[in-house]
Structures are given as structure tokens and as C-alpha cells.
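Here are some notes to read with the structure open. They cover ring pairs, salt bridges and a few charged side chains.

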Amino acid sequence: MPSDYGYINARLKGQHSRLLKPGAYEELLGLPDFNAFAKWLATSPYSKEWQEAQTRFAGLAAAEEALAANFNSSTRLMRKISDGGPNKLIGIILRRWDLENVKAVVRGIHNHWDSDEIFRAVLPAGNLDKVKLKELCRKADLRELADTLATWGEELAGPLTLALPEYQREHQLAGLELALDQFFYRQALKGLAGLDYNKSLVRELLRREIDLLNAKGLRRLMAREGIGLPEAVRNYLPGGKLLTREKYAALLDPKESKKALRSIRGTYLHRLLLADDSRGGREEKLDREEWRQKALAYRGDPLGIDVAVGFLWQKYFEVANLKLIARGKQYGIPAEDIRHQLLTA
């Protein structure tokens, strides 16, 4: 397997050429119902996974299974065609799906969802494949979940296990998710140290994610009353670019917050913290912008990790959009209501 980006990116560009063209979504939105969408799937680049999914599922469940399987196939290919440094970087990028999948399972078990409902919230892409995720979704409680992860040697078991006693006392998810986030980003950034261009690119993407997570947490903490500064700062996620621990604490301190806000003026974090979000959607908009920046990385260095990052997120956009359209057609949601939720690069 090659460790140079020339070969890897040539293969990924071939995969990129199979992504849906811009006008395809309008055609799909114009379909009359789910049956018409299913006929399209049968002749699309998703036809192989669609045929396989229909042997075990029907209707919308089969479509969602096929779309998830196709995304997983793309991520497996990224690992298969790479070796050495590129393979390690791609592994770090894909690990964020393990993090998000474990958090989704944690939320599902906490909220007493059935296993099928939890599984619909995950998207296999990293080390935790479909078989393992299905087993995790069937766990009766979070202790069983942590123990199973530990049995497999999965590193995310560590922070989950350590955070469980507090969860069992307070029954709050925030501490569990924070522990998982802190562990993941600390480990990921450790593997991205150095001046190498490709490591730097991935590192900066993760640091932006951390800043955004901290800013979201800050908004919630600022809206709460009666929370002490030491307790609030415990929610800080180290590793971001704009929000140091000191600045994070200053933003929560009534005596220092104005000065701290001025120090991040002109950034998206400033807009997020000050925005009137009474109608909601501000955080979602920033998430979308963050994902869009990653998808646009495809236009970066043709001999760097840029192409892999951009392709991965554009593929994710496509699968997420097709899931939206499939559900919309199944439940008769108007095209206009689906259109404004679509992700675009």
C-alpha cells in the first residue's frame, strides 16, 4: 500500500467523480413518493448496498441501511488504499465518528430508546464497525456499554468508566460526553504534534471543533444562574485555538467578560456568544459552516491530506442529504421543507 498522497488522492478523486452532481437533489426532491426514491436507489451508485439491504430490511429502513453501508464502504476504502503517515491521519479523522457513535449510543441508552432506534442514530466509519455498534446498541445500561468497550480494548471505555460514578449520582449526560470529548481530542492532538503540513491541517480542523464545542458550552453556562466559576470551568475542553482556559474563565466572570469578549471580536465565536438566538438555529448554522469548511478542503493541496478530508465530508453530506430525502418522501414532507436542511459544500 502506498504512503504517498499522489496515488491515494488519484483514487479518491475517482470516488469523488461518482458523487451526485449539484442538480441531482432537485430531481430527487421532485419525486412523488418513497417508491420513486427506491427506484432511483436501484439504479444509483448505491444500488449494490440497496440490493443487499433489501434482503434484511424493507422500505425506509432498507434505504437507511444502504446509505450507511455505502458511507462505511467509502471510509474502509480510504484506509485500504493508504499506508504509513497518510493512513494514520485518515485513522485519526475517522475516529471522530467512533466518538460521535459512542455518544449517540450513550444518549440512546440514557433515554431508554430501543436498540433499533439507537442504531439509526449511528454511522459506522471508524474502528467500531456495524457489528460492534449493533451489539453496543443492545446494552441494557451504560455500565454494560463501558464494560463491552473495555473488553474489546476500545480506548473510549476509559473515560466512560471514570465518568460513570458521577453519572450514576446525578443522572446527567453532560459529564459523560465531556469526558469522552476530552479524551478523544487529547489523544488526537497528541498524534498530530509537529510542523508537518498534513498534520497541521488536521490539527487546525480539530482545534476549531474544540473552540466551537467550548463556545456552545459557554452559551449554556452563561444562561444558567447560581453556577460557581470553579464548577463552570470544569466544563472546559483543552486544545482549542481561540479559547484558552484563561479566556474561557474570563468570559464566565462578570468582572472580566466584556474584556474577554473584545479579545475574540470579529471571530465566529464572538458572533455565536452574542447572537440573539431566541428563535434557535444559531448553533446548527455554525455547525453547518464548520462542516462546509471541511468539505471545501477538497480544493486544497492536490498532494496533501486536503483531498481526503474534503472527499470524506462531501461524501458525508451526500449520505446525510439522501437520508433526509428518503425520510421526507416516506412521510410526505414538502420538498421546500427538506431543501433548506440539505448540506452543501
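1. A definition comes first: two rings of Phe, Tyr or Trp (its six-membered ring) form a pair if their centres lie within 6.5 Å. Planes over 60 degrees apart make a pair edge-to-face. With that rule, ring pairs join Phe71, Trp97, Trp291, Trp313 and Tyr316 into a cluster. Please keep in mind that the model is predicted.

2. How many aromatic pairs are there by this rule? The count is eleven. One of them is formed by Trp97 and Tyr316, with 5.9 Å from centre to centre and 65° between the planes, and it is edge-to-face. Trp97 belongs to helix α6 and Tyr316 to helix α18 (residues 306-331), so this pair ties together parts of the chain that are 219 residues apart in sequence.

3. Is Trp97 buried or exposed? Trp97 has a relative accessible area of 5%, which means that it is buried. Tyr316 has a relative accessibility of 18% and also counts as buried. Tyr316 has a further ring partner, Trp291: the centres are 6.1 Å apart and the planes stand at 80°, so this pair is edge-to-face. Here too distant parts of the chain are linked, since Trp291 is in helix α17 and Tyr316 in helix α18, 25 residues apart. Trp291 has a relative accessibility of 24% and counts as partly exposed.

4. Arg96 lies over the face of Trp97, at 5.4 Å from the centre of the ring. Lys134 does the corresponding thing with Phe119, lying over its face at 5.1 Å from the ring centre.

5. Next, helix α6 itself. Its 27 residues, at 1.5 Å a residue, should span 39 Å, and the end C-alpha atoms are 39 Å apart, so expectation and model agree. The helix is mostly covered, with 21 of its 27 residues buried. Just after α6, His112 takes a positive phi of about 60°.

6. Salt bridges are the next topic. The structure has 22 of them. In one, Arg107 is paired with Glu177, and the closest N and O atoms are 2.7 Å apart. The two residues come from distant parts of the chain: Arg107 is in helix α6 (residues 84-110) and Glu177 in helix α11 (residues 174-190), 70 residues apart. Arg107 is partly exposed at 29% relative accessibility, whereas Glu177 is buried at 17%.

7. Another salt bridge joins Glu209 and Lys294, with 2.5 Å between the closest N and O atoms. Glu209 is in helix α12 (residues 197-223) and Lys294 in helix α17 (residues 282-296), so the bridge ties together parts that are 85 residues apart in sequence. Both Glu209 and Lys294 are buried. For Glu209 the relative accessible area is 6%. What does Glu209 touch, not counting residues up to four places away in sequence? Its contacts are Arg96, Tyr185, Glu290 and Lys294.

8. A salt bridge can also form within one helix. Arg339 and Glu336 are bridged, their closest N and O atoms being 2.5 Å apart. Both lie in helix α19 (residues 335-339), three residues apart, which is about one turn of the helix. An α-helix has 3.6 residues a turn, so residues three or four places apart point the same way. Arg339 is partly exposed, with a relative accessible area of 30%. Through shared partners, salt bridges join Glu26, Glu336 and Arg339 into one network.

9. Lys323 lies in helix α18. Lys323 is buried yet has no salt bridge.

Notes:
Residues are numbered from 1 along each chain as its sequence is written. Side-chain values use heavy atoms; hydrogens and water are left out. A salt bridge is a side-chain nitrogen of Lys or Arg within 4 Å of a carboxyl oxygen of Asp or Glu. Helices (H or I, at least four residues) and strands (E, at least two) are DSSP runs, numbered from the N terminus. Buried means under 20% relative accessible area, exposed over 50%, partly exposed in between (1.4 Å probe, protein chains only). The expected span of a helix is 1.5 Å times one less than its number of residues. Rings of Phe, Tyr and Trp (its six-membered ring) pair if their centres lie within 6.5 Å; planes under 30 degrees apart count as stacked, over 60 as edge-to-face and the rest as tilted. A charge sits over a ring if NZ of Lys or CZ of Arg is within 6 Å of the ring centre and within 35 degrees of the ring normal. Lys and Arg count as positive and Asp and Glu as negative; His and the chain ends are not counted. Contact means heavy atoms within 4.5 Å.
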